[in-house]
Amino acid sequence: MPYKGEFSNKIMHERLIKNPEFQKRLKELRVAYDTPNRDITSEIRQMFRIIDTEDASKNVKIVFAVDGSYTDIPINNNIPSARIGIANFCASVVKLDELKKSAQYEFLDPHEFNDTYTTGLLTFVGPLANIIEEGKTTTSQSIRYAIYKFMCNKPFDETLPLINTLYTILKEGNDKTVESFNCPNPECNEHIEWDLEKDNINPKKCPGCGEEVYLTDWLRLHEAVEEDFESTSILSRLTQVVEHLLVFNLIQTCLSNQTLVSLPFSMAFILDRPLAIYGEPAKLHRYILKYYHKLMQNKNTPLIIFGLAKSGRLKDHFELLERRMKEIGEEIPKNAVMLVSDAYRFKYIQQRPKRNEYFGQEISWGQDFLFYSKEAKKFVVSLPYSVDEKKKEYYEKMIFNIDSYSTLPTVLDLINKITTDLYEDAILPVALAHRYASISLKPSKQILEMFARELIK
Ligand SMILES: [Zn+2]
């Protein structure tokens, strides 16, 4: 059932569209970036490189996929402005060698799967607008506390809280030993210094105002809350951070366990989003990029992490491209991939940002690719940049050089493999649950140990 307001909005909308004045006005507006015309479309076809993916992912035995969703709800019918935010994270670990027999395919409602406490891995519940935690005086204070408490969760076993993963990423993804950030109290101008050698994850008091400060305040998520507005942007910011932390938390959980120490290198970690951190916590992306490369130092095998974007401009562009090609009787070659360089992006997809020279300079730790799979499905894939830092001199030579991405064939082969008979934009943890027999929706250290033992056999 739609809400009352939503329903009348829809009627308004329909009336507006039929209005001749509106129609006239519409003719004066145009789409800023469209897919190129026929001649160019043919040229773009050449930019897709067919690559040999045969068996490239044979060393990947286990896939971990994570997906977060969020919503906000009023807590009291009489005060609709008082809202809490809920973010739910679902994840799955599957062993790739055991496909389900088709008779065993059962129906799994993605909404039910995604939105319930019982099947989710973790659920965040926190104040959003006009709600405070006991003992706190402002919404901002309450949300900072709620985020801190949530980050103390140990998702995969009883040893490693998410906040420790944040701590390690800050420490390892950085040359500095002290992180400093503004005191979260808006009335205080003090800098909080977090010594990554000596301090731990415990809260401390601001030396200026005495406010309780958490390491998670470094993320600045609370700044996405406006006391007088209802906005879910904090939930979207939180969700992307937590999805990233979950991947690295699982990797760290394995690395600190003797039985599991080599397991991450037989796994693939998939995020249902581009490899980027948007908004207030954006700076985290640099630390992640550096840390990711550090994890692979002195290792012969790469760590496979990639993102799949379900929506956005690239996805739209890819859809249009496919349609335009068909109109001129051409096709994008199958099992072919195109690296989306800035030259391409700023020509066909969007405007060059005003403040930065490169796309995603302040947010991305991954490079986007358009992949047209063996079965003619379209995927927007994002792979960690091939260098650990985004220096200017690296862009043309490395970042936009498809040959510098050694894990690309593995990733694409894997996508071909796991997405057979699935929708392009399926919720991945759910989709995998449909297809594979050995699956855990609440991955834990014990389950990974079991998988690891079976792999050794
Ligand atoms: Zn202070």
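I'll start with a strand pair: β12 and strand β13 (residues 378-384) run antiparallel and are joined by seven bridges. Helices and strands here are DSSP runs, helices being H or I of at least four residues and strands E of at least two, numbered from the N terminus. Two strands count as paired if DSSP finds at least two bridges between them.

Before going on, the conditions. This is a predicted model, in which local features need pLDDT of at least 70 and side-chain atom pairs count only at pLDDT 80 or more, while totals for chains, interfaces and linings use all residues. Residues are numbered from 1 along each chain as its sequence is written.

Back to the strands. β12 and β13 form a hairpin with five residues between them, and Ala-376 in that turn has a positive phi of about 60°. The bridge partner of Tyr-372 in β13 is Lys-378. β12 also pairs in the antiparallel sense with strand β11 (residues 336-339), over four bridges.

How much of β12 is buried? Seven of its seven residues are. Buried means that 20 or more other C-beta atoms, placed from the backbone, lie within 10 Å of the residue's own; 12 or fewer is exposed, and in between is partly exposed. In a regular strand the side chains alternate between the two faces of the sheet. In β12, Gly-366, Asp-368, Leu-370 and Tyr-372 point one way, and Gln-367, Phe-369 and Phe-371 the other.

Take Phe-371, which sits in β12, residues 366-372. Phe-371 is buried because 24 other C-beta atoms lie within 10 Å. Val-337 stands opposite Phe-371; the two are 34 residues apart in sequence and 4.4 Å apart in space, C-alpha to C-alpha. Leaving aside neighbours within four places in sequence, Phe-371 is in contact with Val-337, Phe-379, Val-381, Leu-412 and Ile-415. Contact means that the C-beta atoms, placed from the backbone, lie within 7 Å.

Val-381 is among the residues with the most contacts inside the largest nonpolar core, along with Val-63, Phe-64 and Ile-270. That core has 102 residues, and its largest share, 12 residues, comes from helix α7 (residues 233-255). A nonpolar core is a set of buried Ala, Val, Leu, Ile, Met, Phe, Trp, Tyr and Cys residues joined through C-beta atoms within 7 Å. Phe-64, leaving aside neighbours within four places in sequence, has contacts including Ala-91, Leu-250 and Ile-270.

Now helix packing. The axes of helix α6 (residues 162-172) and α7 come within 9 Å and cross at roughly 85°. Axes are lines fitted to C-alpha atoms, for helices over the stretch in contact, with angles from 0 to 180 degrees between N-to-C directions. α6 and α7 are therefore roughly perpendicular; that label covers 65 to 115 degrees, with under 35 roughly parallel, over 145 roughly antiparallel and the rest oblique. Residues making this contact include Leu-162 and Ile-169 of α6 and Val-242 and Phe-248 of α7.

The axes of α6 and helix α8 (residues 284-295) come within 8 Å and cross at roughly 85°, so α6 and α8 are also roughly perpendicular. Here Ile-169, Leu-170 and Glu-172 of α6 meet Tyr-287, Ile-288, Tyr-291 and Lys-294 of α8.

Finally, the totals. The protein has 14 helices and 14 strands, and 36% of its 457 residues count as buried.

Technical notes
Contact = placed C-beta atoms within 7 Å.
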